Amino acid sequence: MIKKIMVWTLLFTILTTSFALGAEDLSKSQEPMAAAPVEDFPEVQEEVGEPTDARAVIREAEVNPARDEEFGAGTYIQEVTLEITSGDLEGEVFEVDNILMGNPVYDMEVEAGDRVMVGIEGTPEEVQEVHIKEYVRDTYLYLIIGIFLILLLVIGRVKGLKSVITIGLTLFLIIKLLIPGILQGYSPILLAVLISVVVTLITIFIISGFNIKSISAIVGILGGVFIAGIITLWIGSSAQLTGFSSEEALMLLYIPQDVEFNVRGLLFAGIIIGSLGAVMDVGMSIASSLQEVKNANPEIARKDLMRAGFNVGRDIMGTMANTLILAYTGSAIPLLILFTAYEPSITEIINLDIIATEIVRALAGSIGLIMTVPLTVFTGTFLFERYK
């Protein structure tokens, strides 16, 4: 059995690599995005220390009406007293001007007791300027991460510990392999496919071990993800999706690395990675259900086992597909409000690049999720009957 599995795994790897290379060629029908030219600026003669960041707490913050519109119409000034709480200047107190432009997107009106990040220009011996950059949020992020990990370990126990390990490995692969690989000019689609394969194999084998249940889940998961990728490539290329539907994609024009990005490839790679989580959940749930049914009734007929798998799959499919749609819709609520307020026609809305991209993203992932059900059921039923 192990030899056969190794042969099929090798063939599957060759197939997925071929798919990724072909997808990359298809996505390159759009010209690569060249990096924006970098202007040469005259060298600054005066040497100053490197800007540094530090934490601070607001001691006092008052708006001075006498300084309204000092920096232009509609602006007002908060005179802020703050104390540095980290770094070389810890304990030092500074008085700074917090310029407010009347724009809620950029303004950060602080109050006494707020904890903020500040930028410091100059040296510890000679501080030239201190300005407020952002609120301190990492404390609360660490708190919710801690709650998540504690609940995962307390309720999941050994399985929860394995989940923590797989989450760490997944983040490591994305941060240390996918992102640097793309920045170095490698194919984003090829990297996304390879990481999907590696993440799936590592996650399933660590959580469930090397057995029929794991193999059934892996076949269903990877099959569903690659079907989602094929649908994305086909529809995305035919619909001329550009990949410039977000501000982040446009900002890639100005990164310091000299890389010509295939933005459409980045879009397709993101959809492949994004659909992996939900598809993995469905594939593992169905494979586990098949094994439990088989363990409860070892003599169950193949058609009855298959029927049980499809019954479970249909229940999961209905809620998970809705989960994907709601997740993408939730992130687009401000945009939907804009459309409702200005009342453009439906035809105008769905032909916008940003809307078409989100529709393809949501439905391609849902199609991959749906196809995971029969792939897992057929594979699991066959293997459980073949290797009783």
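I took contact to mean heavy atoms within 4.5 Å. With that criterion, I found that residues 24 or more positions apart account for 70% of the contacts in the protein chain with a separation of 6 or more.

Basis of the entries. I worked on a predicted model, in which local features need pLDDT of at least 70 and side-chain atom pairs count only at pLDDT 80 or more, while totals for chains, interfaces and linings use all residues. I numbered residues from 1 along each chain as its sequence is written, and side-chain values use heavy atoms, with hydrogens and water left out.

Entry on the whole chain. I noted ten helices and five strands in the protein chain; helices (H or I, at least four residues) and strands (E, at least two) are DSSP runs, numbered from the N terminus. I then looked up burial, where buried means under 20% relative accessible area, exposed over 50% and partly exposed in between (1.4 Å probe, protein chains only). Of the 388 residues of the protein chain, 37% count as buried.

Entry on the sheet. I traced five strands in an open sheet, ordered β3-β2-β1-β4-β5, with antiparallel pairing; two strands pair if DSSP finds at least two bridges between them. At the edges I found β3 (93-100) and β5 (127-135), each of which pairs on one side only. From one strand to the next the twist averages 45°, the axes being lines fitted to C-alpha atoms and the angles running from 0 to 180 degrees between N-to-C directions.

Entry on β2 and β3. I recorded eight bridges between strand β2 (residues 76-84) and β3, which run antiparallel. Valine 80 stands opposite valine 96 in β3, and isoleucine 77 has isoleucine 99 of β3 as its bridge partner. In a regular strand, side chains alternate between the two faces of the sheet. For β3 I listed Phe94, Val96, Asn98 and Leu100 on the covered face, and Val93, Glu95, Asp97 and Ile99 on the uncovered one.

Entry on α6. I looked up helix α6 (residues 263-296), which has 34 residues and reaches 50 Å from its first C-alpha to its last, close to the 50 Å expected at 1.5 Å a residue. The expected span is 1.5 Å times one less than the number of residues. I also noted a bend of about 35° at leucine 276, taken as the angle between axes fitted to the seven residues ending there and the seven starting there.

Entry on α4. I placed alanine 228 in helix α4 (residues 212-238). Alanine 228 counts as buried because its relative accessible area is 1%. Its neighbours within four places in sequence aside, alanine 228 is in contact with Ser275, Ala364, Gly365 and Gly368. The C-alpha atoms of alanine 228 and leucine 369 are separated by 8.0 Å, although the two residues are 141 residues apart along the chain.

I found serine 216 in helix α4 as well, buried at 0% relative accessibility. The side chain of serine 216 reaches the backbone oxygen of isoleucine 212 at 2.8 Å. Leaving aside neighbours within four places in sequence, I listed Ala287, Thr376, Thr379, Gly380 and Leu383 as contacts of serine 216.

Entry on α10. I located threonine 372 in helix α10 (residues 353-386); threonine 372 is buried at 0% relative accessibility.

Terms used: A polar contact is a pair of N or O atoms within 3.5 Å; within protein, one must be able to donate a hydrogen and the other to accept it, and residues adjacent in sequence count only if both atoms are side-chain atoms.
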